[in-house]
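Dear colleague,

Please find the structure below, together with a short account of what was found in it.

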Amino acid sequence: MMSDEDKLFERFCFAQASFESSRHIYRREHGPGQVRRFFNTSFTAFELRRYMMNYYYSKGSFTISELIKTSEFSRPTVTNTVLEALEMGYLEELPDNKDRRRRDFRPTAPMLEAWQNYCNALLANQKFSQSLKLAQTVMAMRELEHANTN
């Protein structure tokens, strides 16, 4: 059974995936061991990881077509990246007895662990935690201001 702290961290991991998949910024500030080899192979893999994790947390799986639509990478690029991740054991294909053309994928335990390591590293980063606290303060102030105007 998951503790309350684990559930809260899981929600943070989802929120971070949602946030990162909604922006197009590439950052290389990763220390050793923070992310797995797949995440460092290419810009494409790094970007697609964000969308993969967002889909995983929001609906449990994703298709290549969904990744193409949200990421705006080409079909061959996305397909190659997904197949590479599949081969490396970071993704698994979900069986679909209804429609063989529809291929659903989800992250495996190593990829989920890598994402959690990444999120933990963000929380340990002083600049990130300061930004997060400032954002929380600004949001609270705006909510208070909005409540006072109504």
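In which loop does Ser 61 lie? Ser 61 belongs to the loop between helix α3, residues 43-59, and strand β1. Please note that the model is predicted.

The chain holds seven helices and three strands, and their order along the sequence is α-α-α-β-α-α-β-β-α-α.

The strands pair as follows. Strand β1, residues 62-63, runs antiparallel to strand β3, residues 104-107, and is joined to β3 by two bridges. Here Thr 63 stands opposite Asp 104. Strand β2, residues 91-94, is also antiparallel to β3, with four bridges between them. In this pairing, Glu 93 has Phe 105 as its bridge partner.

Is Ser 61 buried or exposed? Ser 61 counts as buried because its relative accessibility is 8%, and the cut-off for buried is under 20%. Apart from neighbours within four places in sequence, Ser 61 is in contact with Tyr 55, Tyr 56, Glu 66, Leu 94, Asp 104, Phe 105 and Arg 106.

Some totals complete the picture. The chain has 150 residues, of which 37% count as buried. Its accessible surface is about 9,700 Å², and carbon and sulfur atoms account for 52% of that area. Of the contacts between residues at least 6 apart in sequence, 59% join residues at least 24 apart.

With kind regards

Terms used: Residues numbered from 1 in each chain as written. Predicted model: local features only at pLDDT ≥ 70, side-chain atom pairs only at ≥ 80, totals over all residues. Heavy atoms only, no water. Buried < 20%, exposed > 50% of the residue type's maximum accessible area, 1.4 Å probe, protein only. Contact = heavy atoms within 4.5 Å. Areas by Shrake-Rupley, 256 points an atom, 1.4 Å probe, with all protein chains shown as cover. Pairing = 2+ DSSP bridges.
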